[in-house]
Amino acid sequence: MPAERLLPTTEAEDLLALVREIARDELAPHAAEAEEQERFPRDEFRLLGKSGLLGLPYPERFGGGEQPYEVYLQALEEIASAWMSVGVGLSVHVMSSYALATFGTDAQKDRWLPEIVEGDRLGGYALSESQAGSDAGALTTRAVLNGDHYVVNGTKAWITHAGAADFYTLMARTADTGGKGISCFLAPGHTEGLTAAAPERKMGLTGSITAQLRFEDVRIDRDRLIGDEGDGLKIALSALDSGRLGISACAVGLAQAALDEAVAYAKQRTQFGRAIIDFQGLEFMLADMAAAVESARATYLSAARRRDRGLPFTRQAAIAKLVCTDAAMKVTTDAVQVLGGAGYTRDFPVERYMREAKVLQIFEGTNQIQRLVIGRELRR
Ligand SMILES: Cc1cc2nc3c(=O)[nH]c(=O)nc-3n(C[C@H](O)[C@H](O)[C@H](O)COP(=O)(O)OP(=O)(O)OC[C@H]3O[C@@H](n4cnc5c(N)ncnc54)[C@H](O)[C@@H]3O)c2cc1C
């Protein structure tokens, strides 16, 4: 059952209708098989690009959709509901475009933003390293200025779209001053010395590529530095505030898909001569799942509306990420329970949903780190 949405404009209603059509006709029918075969959905990202969906929150002047976050996130939720790897990929792409769109100079934006928000190019966000995960400020990938370019050496870990992206928002060290020595670059995706390792073998999100990204004497033009030297961690964390809203929307889309599957199954499955939805034990479980989905959606929308009004939203984004991804984990686990033995098989999508939910509690800051962010904001 499609989620009921109160959208701010008729333009947004038309946009959501288009997104639902694409999700229903072009994404959902292929998701299970592609995930089983670990097929990267590059063609599907091209389709999103051609449909104007890769740059929804960015200005029209640069080819974006100029939609408020409230609308972009609901479109993202619909896409993730149909196919999680595509939803997460879209969210990562939008987050990867954020540094240039928000901190780039006019000249940088004029030069590079149109091609990454109006076309079908795909972005990656390269912050994490094997020894710098939750403690991102400990990263060691180094960028050394040499005339008109930087020379980058180091290895990034866990990079979504590694090897497949057309550009990366790269955080690298330019000085040995801890978090203040990190700088942000718009790195080209395909350039000499830049290689991706074999993809990680994950428990879910198997269509999405996650891999190490190696920089060996990679030359990045000096004019691709975003912000000033030393601004990198600030830019990275600011991007994550918005990115976490994207992951929240993906989580709600996944939970909605699991709820829909569970309700449909419970209506048609009979035991003891009755549809199992008629047993109150199960009906209450479904009611709790519905309450979790709707309250999670309200949480991310409330944070998004603050962002759209220019209000601070760091605490609200961390709360949304925590609430929405925990809800997705609980709802998908319960969906497996509602389907009984069938839920534990690959004949139904709920076991995949459950595997996909787990990673949402881990990336873009684990849910422990979200609590640290919320606590820090409360202490201010
Ligand atoms: C599928 C996938 C895709 C990803 N995509 C990207 C990407 O595109 N770009 C990118 O840069 N990164 C990406 N990541 C990396 C991701 O953001 C990190 O995995 C995450 O930040 C956690 O870091 P870690 O794995 O090193 O865990 P660790 O930091 O080692 O944490 C291990 C455990 O310790 C806990 N912990 C750590 N510090 C604290 C603390 N201070 N207080 C309480 N608990 C703590 C954590 O919550 C966790 O439970 C991706 C990861 C995955 C799995």
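The chain is assigned three domains: domain 1 (10-117), domain 2 (123-230) and domain 3 (234-379). These bounds come from an automatic or database domain assignment. A word on the source: this is a predicted model, where local features need pLDDT of at least 70 and side-chain atom pairs count only at pLDDT 80 or more, while totals for chains, interfaces and linings use all residues. Residues are numbered from 1 along each chain as its sequence is written, and side-chain values use heavy atoms, with hydrogens and water left out.

Now the UniProt record. Its positions are in the numbering used here, feature names are shortened, and annotations may be inferred rather than shown by experiment. An unreviewed entry lists "Acyl-CoA dehydrogenase/oxidase N-terminal" at residues 9-120. That span, 9-120, is 73% helix and 0% strand. Helices (H or I, at least four residues) and strands (E, at least two) are DSSP runs, numbered from the N terminus. Next, the unreviewed entry gives "Acyl-CoA oxidase/dehydrogenase middle" for residues 125-218. Here we get 0% helix and 48% strand. Finally, "Acyl-CoA dehydrogenase/oxidase C-terminal" covers residues 230-378 in the unreviewed entry. Residues 230-378 are 77% helix and 3% strand.

How do domain 2 and domain 3 meet? In domain 2, 10 residues are in contact with 11 residues of domain 3; contact means heavy atoms within 4.5 Å. Between them, the two domains bury about 830 Å², with 76% of it on carbon and sulfur atoms. Buried area is the accessible area (1.4 Å probe) that two parts lose on being put together, summed over both. On the domain 2 side, Tyr125, Met203 and Leu205 supply 54% of the area buried against domain 3, more than any other three residues. The domain 2 side that touches domain 3 has seven nonpolar, three polar and no charged residues. Nonpolar covers Ala, Val, Leu, Ile, Met, Phe, Trp, Tyr, Cys and Pro; charged covers Asp, Glu, Lys and Arg; the others, Gly among them, are polar.

The whole structure has 20.

Definitions and conventions
Salt bridge = Lys/Arg side-chain N within 4 Å of Asp/Glu carboxyl O.
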